[in-house]
Amino acid sequence: MNKTRASGRTVGGLRTLSLQAPAVTLLLLWMVVPLGMTIWFSLQRYNLLMPEMTGFAGFENYQYLLTDRALWAAMGNTLLLVGWVLVITVVGGTLLAVLFQQEFAGRGIARVLAISPFFVMPTVSALVWKNMMMHPTNGVLAWLAESFGLPALDWFSSLPLTSIVIIVAWQWTPFALLILLTAMQSLDEDQVEAARMDGAGPVAIFFFITLPHLKRAISVVVMIEMIFLLTIFAEIFVTTSGGPGLATTNLAYLIYIRALLDFDVGTASAGGVIAIILANIVAIFLVRMVAKNLEE
Amino acid sequence: MTSLRSTNAASPRRSATSKKVLLTVFGWSVALVIFFPILWMVLTGFKTETAAIADPSFIFSPTLESYQAVQERSGYVRFALNSVAVAFGSTLLALLIAIPSAYSMAFLPTKRTKGTLLWMLSTKMLPPVGVLVPIYLIFRDVGLLDTRTGLIIIYTLMNLPIVVWMLYTFFKDMPKDILEAGRMDGATTFQEVFFLLLPLTLPGIASTGLLSVILSWNEAFWSLNLTSSKAAPLTAYIASFSSPEGLFWAKLSAASTMAIAPILIFGWMTQKQMVRGLTFGAVK
């Protein structure tokens, strides 16, 4: 009895190993090799434009980067971008989820329209907003402002970071809506009904029943968005190229400039390590939550 | 008395219907405001370049000239084919690698299964920009820069954790007795997977595949950094409209409409199952 179980386990173990080997090996390589190289490069003097300059640099790259005004500007922009987009998408997504949970004619189609921006590729949404919406003379927003007698705004030169925030929030609010709508479906209708019988108004129901029910889903939305928003790139690449000045340069864009425009591999890698550390702080919490969920 | 009672009975009903009408109008207005940029882009694609930059108007005589121009001047089809090859190629490859792995996790779980699954997810959280430099240099040295193969490799690895995860959840939902019965009848692992598991979980596999296609199709960090002309997919092609001399709104709109239409439809089809993949099952 014991013997068969033991042998069964080894056979099972072997099968597991061979079945999982391709996925595990590839992901391990994908994680370890580039990560190791990034860390290694970050400690080297390595500039593709100056091939004679080589050797171990220690923490020189980090020192250089950490005393660079551009890094702190980029960190500030990254925080502002992530922070504002999170506030807008979570508040907006929650309110929209409550709205689209109500029954009304054609709700299904209205929902589909509202989540659509999430499926639009980032280069398209950025260029459509930059040109057709936010253009200072021919854009829809300028036309709207003028028809109300207001001066048209030159979005990208007077409010560059705000413009990026608007575009990114437009893409990610539907994500929050999609997740929160799903979470809303498991809301206990009897509880809501009971609260209503007891004379609770819609506002009280929202704050004391709906919002606590959505707490977990909201934190998942926040963490997943954070991981993606920390390294927003395409939207900046096609609209402002990080400018004017450093006004819209975030950490991802700064690393891109250092790596592929200045060819300074060492500093770019040090920036990469910083980005990885930031993302991991968020990731730890997310993985913990997912793990807890797996146990249930 | 009778008339009084009837008005009393009618007024709450009337207020209920007027509330519903109000809600419908409001709900639709909000949805249309959110959708407006997409709608406007689709309309602009059917305008002439002069009409595109004129005062906003819903009334115009539609033309297909921008669609023709997009193909004739820049060879839209070439970029679309790159997108198709890269999105579907990476999805197929990811499914091939992920199916055995998800199968063993769902049906032959060991003590380490949970840990492996979580570790796979954690690789997804590595920010791409953190490994841009080494990937770029490796690709340059082995000649993968600006190739479809290069992008397929990256996208396969990028989506592999999500694909394994989603397949695992779909496989786990499948009643074990069916596979058990198949094994009793002497089915080999191969037969078990191909003739029982795959047909029975096809809807789940399809939505997993669609999510992977959507994510690869819309990916813009690696496509902008690793391709230039030969292998550029639509994300990178659309980005070429950002240069000031290339700003033709009608053409930009026509090209964009074609680029997002298939994915928009895929997204509408799979919105429910997608939540599972995007949140790693943390929201049900």
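**View 1. The two domains of chain B.** Chain B is divided into domain 1, residues 2–45, and domain 2, residues 75–278, with bounds that come from an automatic or database domain assignment. This is a predicted model, in which local features need pLDDT of at least 70 and side-chain atom pairs count only at pLDDT 80 or more, while totals for chains, interfaces and linings use all residues. Residues are numbered from 1 along each chain as its sequence is written, and chains are lettered from A and ligands numbered from 1 in the order in which they are written. The C-alpha centres of domain 1 and domain 2 of chain B lie 40 Å apart. Their contact takes 4 residues from domain 1 of chain B and 6 residues from domain 2 of chain B, two residues being in contact if their C-beta atoms, placed from the backbone, lie within 7 Å. On the side of domain 1 of chain B that touches domain 2 of chain B there are 2 nonpolar, 2 polar and no charged residues; Ala, Val, Leu, Ile, Met, Phe, Trp, Tyr, Cys and Pro count as nonpolar, Asp, Glu, Lys and Arg as charged, and the others, Gly among them, as polar.

View 2. The model scores ipTM 0.84 and pTM 0.86. Chain B has a mean pLDDT of 84, and 94% of its residues reach 70 or more, where pLDDT is the predictor's confidence in each residue, from 0 to 100. Over residues 1–9 of chain B, however, pLDDT stays under 50, and for this stretch the model has 0 contacts beyond four places in sequence.

**View 3. The contact between chain B and chain A.** Chain B gives 81 residues to the contact and chain A gives 84 residues. On the side of chain B that touches chain A, the largest share, 15 residues, comes from helix α1 (residues 2–45) of chain B; helices (H or I, at least four residues) and strands (E, at least two) are DSSP runs, numbered from the N terminus. By class, that side of chain B has 58 nonpolar, 19 polar and 4 charged residues.

View 4. An unreviewed UniProt entry places the annotation "domain: ABC transmembrane type-1" on residues 75–286 of chain A; UniProt positions are given in the numbering used here, feature names are shortened, and annotations may be inferred rather than shown by experiment. Across residues 75–286, chain A is 76% helix and 0% strand, with its end C-alpha atoms 22 Å apart. Under "transmembrane region", the unreviewed UniProt entry lists several spans of chain A, including residues 79–100 and 217–238. Residues 79–100 of chain A are 100% helix and 0% strand, and their end C-alpha atoms lie 30 Å apart, whereas residues 217–238 of chain A are 82% helix and 0% strand, with end C-alpha atoms 32 Å apart.

View 5. Residues 192–217 of chain B are 96% helix and 0% strand, with the end C-alpha atoms 33 Å apart.

View 6. In helix α5 (residues 113–123) of chain B, B:Leu117, B:Met120 and B:Leu121 are buried. Seen down the axis of α5(B), the buried residues fall within an arc of 100°, so they line one face of the helix; the arc is that of the directions from the helix axis to the C-beta atoms. A residue is buried if 20 or more other C-beta atoms lie within 10 Å of its own, exposed if 12 or fewer, and partly exposed in between, with C-beta atoms placed from the backbone. B:Leu93 lies in helix α4 (residues 76–107) of chain B and counts as buried because it has 20 C-beta neighbours inside 10 Å. Not counting residues up to four places away in sequence, B:Leu93 touches B:Ile152 and B:Thr156.

**View 7. Two loop residues with positive phi.** Most residues other than glycine have a negative phi. A:Ser241, in the loop between α11 (234–239) and α12 (251–261) of chain A, has a positive phi near 50°, and with 15 C-beta neighbours inside 10 Å A:Ser241 counts as partly exposed. B:Asp146, in the loop between α6 (132–142) and α7 (148–172) of chain B, has a positive phi of about 55° although it is not a glycine, and B:Asp146 is partly exposed, with 17 other C-beta atoms within 10 Å.
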